[in-house]
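Please look over the sequence and the model first, then go through the points below.

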Amino acid sequence: MRYAQGGGLTDAGRAARERVRLQAVERFEDGQKNREIAAALRVSERSVERWRRQWRERGEAGVLSRGSPGRPRLSEKQIARLERELERGPLAHGWADQRWTLARIKTLIGRLFHVSYTVEGTWLLLKRHGWSWQQPARRAIERDDAAVEVWKKETWPRVRAPRRRVTAGSSSRTKPDSR
């Protein structure tokens with residue numbers, strides 16, 4: 001099911017849905033049919049079928065809410081420790097340079113707290129706690145601007161991909177031009 005603005009249910013919304021499922025359980029116990037329950041509770045028959053199956057398999061616990069799927073996996077204390085460790089720098093954690101990447105932070109979280117995040121989840125965690133991506137304020141000392149200009153003028157034109165054709169293509173799958 002999709003929710004507006006990409007968000008899930010609030011705690012109140014989850015509680016309201018759980019109340020509907022518990023009303024369905026009362027009706028299961030009374031022997032009512034799925035169609036009657038769906039009409040009375042204004043839900044789909046498929047939902048009632050699913051709830052009945054969960055109720056048969058696990059009892060009332062099968063239809064209870066499992067809570068927010070997006071609850072934070074790190075406590076505030078763990079977040080504070082993570083921030084201290086990030087401030088120590090990547091060298092202190094065994095990486096060869098002073099550059100934090102999301103993959104490295106993800107690995108660090110796994111090492112410290114035995115919790116697995118995706119790279120995207122790591123970014124969201126950091127962003128939620130006020131961290132932002134950064135790039136160097138200065139260029140590298142080793143940079144050779146003359147060599148960069150030569151590469152742009154001579155090498156880049158040879159290696160870049162050719163431009164797409166100027167004429168419009170066809171969107172028809174039956175015409176050879178569309179393949």
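**Arg-52 and its surroundings**

Setting aside residues up to four places away in sequence, Arg-52 touches Phe-28, Gln-32, Lys-33, Asn-34 and Ile-37, where contact means heavy atoms within 4.5 Å. Arg-52 sits in helix 3. This is a predicted model, in which local features need pLDDT of at least 70, side-chain atom pairs count only at pLDDT 80 or more, and totals for chains, interfaces and linings use all residues. Residues are numbered from 1 along each chain as its sequence is written, and side-chain values use heavy atoms, with hydrogens and water left out.

- Arg-52 is buried but has no salt bridge.
- The nearest side chain of opposite charge to Arg-52 is Glu-36, 7.7 Å away; Lys and Arg count as positive and Asp and Glu as negative, while His and the chain ends are not counted.
- Buried means under 20% relative accessible area, exposed means over 50%, and partly exposed lies in between (1.4 Å probe, protein chains only).
- A salt bridge is a side-chain nitrogen of Lys or Arg within 4 Å of a carboxyl oxygen of Asp or Glu.

**The chain as a whole**

- The chain contains seven helices and zero strands; helices (H or I, at least four residues) and strands (E, at least two) are DSSP runs, numbered from the N terminus.
- In sequence order, the pattern is α-α-α-α-α-α-α.
- The chain has 179 residues, of which 21% are buried.
- Of the contacts between residues at least 6 apart in sequence, 35% join residues at least 24 apart.
- The chain has an accessible surface of about 14700 Å², and carbon and sulfur atoms account for 50% of that surface.
- Accessible areas come from the Shrake-Rupley method with a 1.4 Å probe, and for residues only the protein chains shown count as cover.

**Salt bridges**

- The count of salt bridges comes to seven.
- Glu-45 and Arg-35 form one of them, with an N to O distance of 3.4 Å.
- Because Glu-45 lies in helix 3 and Arg-35 in helix 2 (residues 34-41), this pair ties together parts that are ten residues apart in sequence.
- Glu-45 is partly exposed at 32% relative accessibility, whereas Arg-35 is exposed at 60%.
- The side chains of Arg-58 and Glu-57 also meet in a salt bridge, at 3.9 Å from N to O.
- Arg-58 is partly exposed, with a relative accessible area of 43%, and Glu-57 is exposed, with 57%.
- Glu-85 and Arg-88 are joined by a salt bridge of 2.7 Å, N to O.
- Glu-85 and Arg-88 are three residues apart in helix 4, so about one helical turn separates them.
- Glu-85 has a relative accessible area of 11% and is therefore buried.
- A network of salt bridges links Asp-97, Arg-99 and Arg-104.

**The loop between helix 4 and helix 5**

- His-93 is placed in the loop between helix 4 (76-88) and helix 5 (102-113).
- With a relative accessible area of 15%, His-93 is buried.
- Apart from neighbours within four places in sequence, His-93 is in contact with Glu-85, Arg-88, Trp-100, Leu-108 and Arg-111.
- Asp-97 is also found in the loop between helix 4 and helix 5.
- Asp-97 counts as partly exposed, at 27% relative accessibility.

**Surface patches**

- Patches are made of residues with over 30% relative accessible area and no salt bridge; like charges are joined within 9 Å, and nonpolar side chains (Val, Leu, Ile, Met, Phe, Trp, Tyr) within 5 Å.
- The place of a charge is taken as NZ of Lys, CZ of Arg, CG of Asp or CD of Glu.
- A patch of positive charge on the surface gathers Arg-46, Arg-50, Arg-53 and Arg-56.
- Arg-56 belongs to helix 3 (residues 45-58) and counts as exposed, at 61% relative accessibility.
- Trp-151, Trp-156 and Val-159 make a nonpolar surface patch of about 330 Å².
- Val-159 lies in helix 7 (residues 145-159) and is exposed, at 54% relative accessibility.
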